[in-house]
Amino acid sequence: MDINIRNVGDVSVLDIAGNLDTNSSPTAESEVSRLLDEGCKHILFNFSELNFISSSGLRILLATAKKLKIENGKMVVCSLNDVVQEVFD
């Protein structure tokens with residue numbers, strides 16, 4: 001898994017490529033936690049290059065959404081391929 005973080009205005013965009021699974025989730029969770037600790041309140045997860053997401057990856061998204069809701073922030077997920085969309089469904 002590769003994560004590229006870029007800022008577009010007040011939104012932190014996380015471009016995640018590869019697999020977001022049990023092996024890679026700790027890295028992703030660490031990056032998201034760092035953003036939240038820095039006060040980020042708007043996160044966009046760009047999954048255009050994501051091949052697979054497991055329940056570990058979904059857990060990170062749910063935890064992030066809960067934390068941002070408390071801070072009146074927002075999280076958006078975009079560009080899901082068919083495999084990743086199936087996991088969400």
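Reader: What covers the buried residues of α2?

Author: The cover includes β2 (11-20), α1 (25-37), β3 (42-53), β4 and α3. Contact here means heavy atoms within 4.5 Å. Helices (H or I, at least four residues) and strands (E, at least two) are DSSP runs, numbered from the N terminus. The model is predicted: local features need pLDDT of at least 70 and side-chain atom pairs pLDDT 80 or more, while totals for chains, interfaces and linings use all residues. Residues are numbered from 1 along each chain as its sequence is written, and side-chain values use heavy atoms, without hydrogens and water.

Reader: Which residues of α2 are called buried?

Author: S56, G57, I60, L61, T64 and L68. Buried means under 20% relative accessible area, exposed over 50%, partly exposed in between (1.4 Å probe, protein chains only).

Reader: How far does α2 reach, and what is expected?

Author: From first C-alpha to last, α2 spans 23 Å. It has 16 residues, and 22 Å is expected at 1.5 Å a residue, so the two values are close. The expected span is 1.5 Å times one less than the number of residues.

Reader: Why is L68 called buried?

Author: Its relative accessible area is 2%, so L68 falls under the 20% limit. L68 sits in helix α2. Not counting residues up to four places away in sequence, L68 touches L36, C40, K41, I43, G73, K74 and M75. K41 is 27 residues from L68 along the chain, with 6.1 Å between their C-alpha atoms.

Reader: What makes N72 and its phi stand out?

Author: N72 is not a glycine, yet its phi is positive, about 60 degrees. Most residues other than glycine have a negative phi. N72 lies in the loop between α2 (55-70) and β4 (74-78). Its relative accessible area is 70%, over the 50% limit, so N72 is exposed.

Reader: Where does S79 lie, and why is S79 called partly exposed?

Author: S79 is in the loop between β4 and α3 (82-88). At 42%, its relative accessible area is between the two limits, so S79 is partly exposed. Phi of S79 is also positive, near 60 degrees.

Reader: How many disulfides are there, and why?

Author: The count is zero. A disulfide is a pair of cysteine sulfur atoms within 2.5 Å. The sulfur of C40 is 15 Å from the closest cysteine sulfur, in C78, so that is too far for a bond. C40 counts as buried at 14% relative accessibility, while C78 counts as partly exposed at 23%.

Reader: Why is the pair of F45 and F47 called tilted?

Author: Rings of Phe, Tyr and Trp (its six-membered ring) pair if their centres lie within 6.5 Å; planes under 30 degrees apart count as stacked, over 60 as edge-to-face and the rest as tilted. F45 and F47 are 6.0 Å centre to centre, with 50 degrees between the planes, so they form a tilted pair. The count comes to one aromatic pair. Both F45 and F47 are buried.
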